[in-house]
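Trainee: I would like to go through this model with you and ask what stands behind each label.
Mentor: Good. Ask away.

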Amino acid sequence: PCRYTGSEIRVRDDSMPLAHIAIAVEGAGWTDADNIPLMVANTLVGAWDRSQGGGANNASYLARAASSVNLCHSFQSFNTCYKDTGLWGIYFVAEPLQIEDMVYNIQKEWMKLCTSVTEGEVERAKNLLKTNMLLQLDGTTPVCEDIGRQILCYNRRIPLHELDARIDAVSAQNVRDVCYKFLYDRCPAVAAVGPTEALPDYTRVRAGMYWL
């Protein structure tokens, strides 16, 4: 089996105008029962970039914070699954002097997922997740890719109604429990390139993975 180890790698290059940073924790494999709640949590964090409208009216707390005080140029949460493990985290692009505040807000949002996410927020994320999954199947090529991926991962293709039922079964308590299991007080993996001087030391990033 694969063994996940929290660590960091930084490639400082002050000639680059923006810092590109990814922070992740160990996620779930394709067949893990916790994968669906992690997908919902990933949708809750969402994605945003400066070209989008919305501002303070974004559903994602992190998107609202990023747009209101110019924390970053863009961010994208991700949930990458492998056979028996995965990576769950976020990638963002930011100005050098905004990195520390962005990391703080990311970890604040992650801790909120572990402790106080509401049923209304989870319902919105579930609807958005189902919509996004259906939009990805718009055409014969993505449908064939989806069939191939599911055959490799599950040895069968999961019907859409079964996937819908699995997503609908996720509650706010499920999301809190699974996020607590995978996020709370876990060692992150950090990768950064660009003007990364203001990126907090790894021990500080690690200390932000729990609330006292």
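**Labels and their cut-offs**

Mentor: Buried residues make up 43% of the 212 residues in the protein. Buried means under 20% relative accessible area, exposed over 50%, and partly exposed in between, with a 1.4 Å probe and protein chains only. This is a predicted model, in which local features need pLDDT of at least 70, side-chain atom pairs count only at pLDDT 80 or more, and totals for chains, interfaces and linings use all residues. Residues are numbered from 1 along each chain as its sequence is written, and side-chain values use heavy atoms, with hydrogens and water left out.

Trainee: What pLDDT does the protein average?
Mentor: The average is 93, and 100% of the residues score at least 70. pLDDT is the predictor's confidence in each residue, from 0 to 100. Confidence is lowest in helix α5 (residues 140-154), at a mean of 90. Strand β6 (residues 189-194) has the highest, at 98.

Trainee: How many helices and strands are there?
Mentor: The protein has 8 helices and 6 strands. Both are DSSP runs, numbered from the N terminus: helices are H or I with at least four residues, strands are E with at least two. The order from the N terminus is β-β-α-β-α-β-β-α-α-α-α-α-β-α.

Trainee: How does the radius of gyration of the protein stand against that of a compact globule?
Mentor: The rule is 2.2 Å times the number of residues to the power 0.38, with the radius taken over C-alpha atoms. For 212 residues that puts a compact globule near 17 Å; the protein has 17 Å, so the two agree. The C-alpha atoms fill a box of roughly 50 × 40 × 40 Å along the principal axes.

Trainee: What share of the contacts with a separation of 6 or more comes from residues 24 or more positions apart?
Mentor: That share is 74%. Contact means heavy atoms within 4.5 Å.

Trainee: Why is D34 called buried?
Mentor: Its relative accessibility is 15%, so D34 falls under the 20% limit and counts as buried. D34 lies in the loop between β2 (19-27) and α1 (35-45). Not counting residues up to four places away in sequence, D34 touches A28, V178, K181 and F182.

Trainee: And what makes F182 buried?
Mentor: F182 has a relative accessible area of 11%, therefore it is buried. F182 is found in helix α7 (residues 172-182). Beyond its neighbours within four places in sequence, its contacts are V25, E26, G27, A28, D34 and L38.

Trainee: What is the phi of D185, and where is D185 found?
Mentor: Phi of D185 is near 60°, a positive value in a residue other than glycine. D185 is in the loop between α7 and β6. With 38% relative accessibility, D185 counts as partly exposed.
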